Amino acid sequence: MNDMPLLALEKISKSFGGLHALQEIDLAIFEGEVHAILGENGAGKSTLMKIIAGVLHPDSGKIIFKGEDIKFDGPRDAAKHGIAIVYQEPSYFPELSVLENFYLGEELTSKIGSLDWSKMAEKASLALNDMKLSTDLLKKRMSELSIGTQQLVLIARAMHKNARLLILDEPTSILSQAETNILFSAIRELKKQGISVLYISHRLNEIFQIADRITVLRDGKLISQYMLSEATEDKLIQAMSGRQIKTTLYQQRNLTEKSPILEIKNLTRFGVYQDISFQLRCGEILGIYGLVGAGRSEVALTIFGELLADKGQILLNGKEIKPKNSQDAIHKGIVYMPEDRRIQGIFPIRSIRDNLSAGLLYSISGFLGTIQKNNEIIMTNRQIENLKIKTDNPANPVTSLSGGNQQKVVLGRGLSHKPKILILDEPTRGIDVGTKNEIYKLIMNLANEGIAILFISSDLPEVLALADNFIVMHEGFLMAYMQRKEATEEKILRFALGLESK
């Protein structure tokens, strides 16, 4: 290992609005090193990788690559310098062939300027061979491949670009064990060639197999670094957790005498989650925690009728239900607030009022089906006041609001359905601290009013601060059910990482 790092980061900081995603990160990656980056969801790992790959620009700090202070103009500029990234979710053009995806935007040409397909096929074949993939794949469309093979193709493409630093973000989350073994073999070969790998994963067993050094991030800060020989599971878990949990918002409620309003029995969707069972009572906040790929949202979407289970039961007040779609679930009193408000929650080209009333027009329409404007104004103004949505005019576009106020709009629309069961999927993601506290208080008030709440969050301290009871998922399995009195951040993390099960 050379004394001079291939890549050095000095005091790198990045904020999104009032959220400090990264705070003065110092990091060095040496040639031929596999450097693992570990941290809970929201620790800042992906933001840091995007800065290194030129996707994002830091607010402050230096990037030094091969001894030179550098500022990447974008991902293509970073790639030209020898930095390649493969994201957790495969990114490709599904209807183009593997070969076309390999060279899109970087096609090789002959002396007369025409595309040199034979030369491209020859070079791409070598890259596929390194990943133990058949060269017959070159002619297939990407959409014809399994998701694991797609990921291996994209890793092969990244390696093929003569990268000196390869960033792999949760690369095995969609790979089989056999595919993972192929990847690890390829990584070891890269090390021999002096190529560096930044390896992001929640799977400690993988990190212990493949890493030379381990860096732990927490809440946008670099907490600790270990050589592999120094690291232990306990040290890493303590570094990932170790925060003060604020419990001042929590209000004790007597739930023991109440019958379950929702019962989930052995719910299974093959390849996604398996044998999930739990109960939810009126007025209970049941926290659901898990790391990337745990299957939390998929279970929620099944209860909400947007995914179908292959087996198992959903019981509402003791009677089995099979929601056909989200509308059916809403009619049964189940409302889901999606994790991505921009894509799944709001209608960005419509007004605040339209977003609040969408899906509720039947309740404000007259006999002939025409919208009664006065009723719509009364209903939406009530929600704006109750939720303290900060706007001077409900006719303004919803995109004029801050992220936190957009989230309140999505929540307000859901509450207008008067749900018995409210599923909150990452309700405070990407919003400022002040608005978070407002939403926390609202959630607690809703529970006190008797609404049953499934609370999914990647922010473990907020789950611990609000929930009455907890279930922990890992790679599609329910690993533990815990009551509030026995739950700690360290315990929950061990289950979420798959290190323990009950």
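Sorted by class, the residues lining the second largest pocket come out as 17 nonpolar, five polar and five charged. This is a predicted model, so to speak, of the computed kind. The pocket lining runs to 27 residues in total, and the space inside the second largest pocket comes to about 660 Å³. Nearest the centre of this pocket sit Pro75, Ile85, Tyr87, Arg157 and Lys161.

Turning to the aromatic side chains, a search of the whole structure picks up three aromatic pairs. One of these is made by Phe102 and Tyr103, whose ring centres are 6.3 Å apart. With 40 degrees between the planes, the Phe102–Tyr103 pair is tilted. Both Phe102 and Tyr103 are buried.

Another of the pairs joins Phe304 and Tyr336, with 5.5 Å between the ring centres. The planes of these two rings stand at 40 degrees; stacked would need under 30 and edge-to-face over 60, so the Phe304–Tyr336 pair also goes down as tilted. Phe304 belongs to the loop between helix H9 (296-303) and strand S14 (311-316), while Tyr336 is part of strand S16 (residues 334-337), so this pair ties together parts that lie 32 residues apart in sequence. Phe304 is buried, and Tyr336 is buried too.

Key:
Residues numbered from 1 in each chain as written. Predicted model: local features only at pLDDT ≥ 70, side-chain atom pairs only at ≥ 80, totals over all residues. Heavy atoms only, no water. Phe/Tyr/Trp six-rings, centres within 6.5 Å; stacked < 30°, edge-to-face > 60°. Buried < 20%, exposed > 50% of the residue type's maximum accessible area, 1.4 Å probe, protein only. Helix = DSSP H or I, 4+ residues; strand = E, 2+ residues; numbered from the N terminus. 1 Å grid on protein atoms, 1.4 Å probe; cavity = no way out; pocket = protein on both sides within 12 Å on 5 of 7 lines; lining within 4 Å. Points joined across faces, edges and corners; volume = space filled by probe spheres on them. Nonpolar A, V, L, I, M, F, W, Y, C, P; charged D, E, K, R; others polar.
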